[in-house]
Every structure is written in structure tokens, then in C-alpha cells.
Amino acid sequence: MISNRRSARRLLSSFALLAALFAALILPASAQEGGPKIFSRQTALGGRVQAALLIVGWQKDASAIERLIDIVAERTGAVASQLDWQNPGSDVGRINAAAGQSAVAVSEDTIAAFEEAKQVSDWTKGLFDVASYGQGSYKDIKIDRGARTVQLKKSGMQVRFDGILEGFLAEYMLRLIAAANMQNAMVKAGNVFRGMGSSVMGPWKIQVQDSEGTYAHHALNLQVSNNAVATVSANEFAYQELVNPRNKERIGAPCKGVTIVMHNAAQAQGVAKAVFIAGPKDGMELLAKMGKANGIIVDNAGKFLRTPGF
């Protein structure tokens, strides 16, 4: 969570996910008597992605839950490291190095990440593409699940998971928690949230707002129960280039920000990136054609555009 609103506004100067207001962090008296409580942890996955985990459990199970959090953070951090394109020894680093040459054996989790990315690329007709930089496109990525290999068909191709990584890690964390028979949890990776069940006193809640002083009119109070919320802000591209994957051209930010709600966190982040690149008009048309996501787009004039189901 972002604890200092002033510092958050310095970092996220346009449209942004300012805060995650998790419900019921002030526990009822029963929590002091051995009742349910929220176990929380903040960590950096793979040394890069800032994350938070919140799990509702009984105080008598405290040691087991804390151990579960350790395992989730450790395993998810390992996945983050394998998807780090800046690390030449990672799965993605080795795939990039072998572009146009040969298939590379990778982990099951890396295969899953490529499959999620390809799915979103298909839905968005290439407006989201992990192969935006360098030659080729997602259509030139060959995934062999049986052999557990990935190959970039064209020389000069480069894959970067930055536009879907946080969502993939959030989804991964929640699935590990669910596999341990925990039914109520919230995880955050970067600007992506994934919820399951509820908090101690009701649904998990987050707040998305315009950070330019229009909070009273434009704050979005969202429940994150068995779904995911992903936000992409123009501020993210203040110091890095934004590329249209379809033509490889650098573009300016076409809107202030996008927030997408879907069941799957990786897909939510990928769709949010695609809608952001498309801009307000084309982005709304894309969401309507997809029919798989609800969301909101804030154009550069500050107007909020919402899908009918948002």
C-alpha cells in the first residue's frame, strides 16, 4: 500500500492507482481473543516488483500462515527472476539471445506466461505484444508445451514481459495461496490487485483516483472479490518510451490512464496496456468488441469513459 498520499502524488502525477484501502485492517475485538486476523507482508519479487500479500486466517495458525507467505514470496520471486529480460541468465534472457536460431528449454511457469501473453495479443489484435521491441511480433513466437520450449523465429526479436509481469505474478501468488486451502486473501503486485473471498469485515476494497485534485468527483471505490484490477498510467512512460506494437513507432501517451477489471490478473494488465495504447475512442471500441473486460479510460482532458458494466 502507498501510505503517504503526498509522496504518491509526486510519483504518480496524472492518473494513477493512489492507494489500496484494504477493508477491516482495524480488527474487531474478537481478533484479540484468538479470532480471525489479517496476516500481511510486503516484499520485492525478484528484486524488482513491489508486492503485498494479505491473508485472512486464525491466530492459532499464525506460524503456518507466515510460513505460507514465505513460500509464496520465494516461489513467485523465482518466477519473476526467470521472466526478467534484463537478466541474461533468465529464461527470457536466454530466449532473446537465441532469437532466430533455436528453441530454448524453459520452466513450466515461463511457458504459462507466454501462453497468457499470446492470448491477450490475440484478443487485442496485437495492441498488446511482448515482442514490441525489436523485429517480429507475437506471431513469430513458437511455444511448444510438450517439449517445454520457446523459440523466437526472427533474428533481432526481443521479448519483454513488462506489460503483463505484475499481473502474472499477482495471479501466481493467489493460486499458490488457494492451493493451500486459504479462501480469503488479497495480493498486490505493482499496480495490479487480485482478490479472493473477503476481508475480516467485508469485501476487499481498493480506491483508484485522479491525482490532479478531482478526488471528490472521480474517486473509484472498487471491490476486489474473486477478480483483478489493473491500472496503467501515463506517468509510467514519463521516463521510458511507449511503442505501438503494430508498427513499432514511438507514441505519446494517448490518455491519462486506464483501469481494467477482469477475473485473471495477467489478462487484466495486458488488456489495460492495450487499451491505453489504443486511446479513448479506439480503446472503448476494443473493450466492446472483446466483451471480456470492464473498465474506465481517462482521456487527456480528464474525461472519464466507462464501459456499461463498470
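The structure is a predicted model, in which local features need pLDDT of at least 70 and side-chain atom pairs count only at pLDDT 80 or more, while totals for chains, interfaces and linings use all residues. Residues are numbered from 1 along each chain as its sequence is written, and side-chain values use heavy atoms, with hydrogens and water left out.

The protein chain has a mean pLDDT of 86. This score is the predictor's confidence in each residue, from 0 to 100. A value of 70 or more is reached by 85% of the residues. Residues 1-31 stay under 50.

Helices (H or I, at least four residues) and strands (E, at least two) are DSSP runs, numbered from the N terminus. Helix H7 spans residues 265-278 and has 14 residues. From first to last C-alpha, H7 reaches 20 Å, close to the expected 20 Å. The expected span is 1.5 Å times one less than the number of residues. In H7, 14 of 14 residues are buried. Buried means under 20% relative accessible area, exposed over 50%, and partly exposed in between (1.4 Å probe, protein chains only). Asparagine 264 caps the N-terminal end of H7. Its side-chain oxygen lies 2.9 Å from the backbone nitrogen of alanine 266. Just after H7, glycine 279 takes a positive phi of about 90°.

A nonpolar core is a set of buried Ala, Val, Leu, Ile, Met, Phe, Trp, Tyr and Cys residues joined through side-chain atoms within 4.5 Å. The largest core has 78 residues. Ile141, Phe161, Ile177, Ile260 and Val271 touch the most other members. H7 gives the most to this core, with 10 residues. Beyond four places in sequence, isoleucine 177 touches Leu53, Ile55, Val72, Met182, Ala185, Val187 and Met196. A second, separate core has 12 residues, including Leu54, Val56, Leu222 and Val224.

Three strands form an open antiparallel sheet in the order E4-E6-E5. Strand E4 (104-105) and E5 stand at the edges with a single partner strand each, so one side of each is left without a neighbour in the sheet. Strands pair if DSSP finds at least two bridges between them. E4 and E6 are joined by 2 bridges, and alanine 105 stands opposite threonine 149 in E6. E5 and E6 are joined by 4 bridges. Here isoleucine 143 stands opposite valine 150 in E6. E5 and E6 form a hairpin with 4 residues between them.

Most residues other than glycine have a negative phi. Arginine 148, in the hairpin turn, has a positive phi of about 55°. Arginine 148 is partly exposed, at 39% relative accessible area. Lysine 125 also has a positive phi, near 55°. Lysine 125 lies in the loop between helix H4 (108-123) and strand E5 (141-144). With 61% relative accessibility, lysine 125 is exposed.

Serine 233 lies in strand E11 (residues 228-233). Serine 233 is buried, with a relative accessible area of 0%. A polar atom of the serine 233 side chain lies 3.1 Å from the backbone nitrogen of asparagine 235.

Definitions and conventions:
Contact means heavy atoms within 4.5 Å. A polar contact is a pair of N or O atoms within 3.5 Å; within protein, one must be able to donate a hydrogen and the other to accept it, and residues adjacent in sequence count only if both atoms are side-chain atoms.
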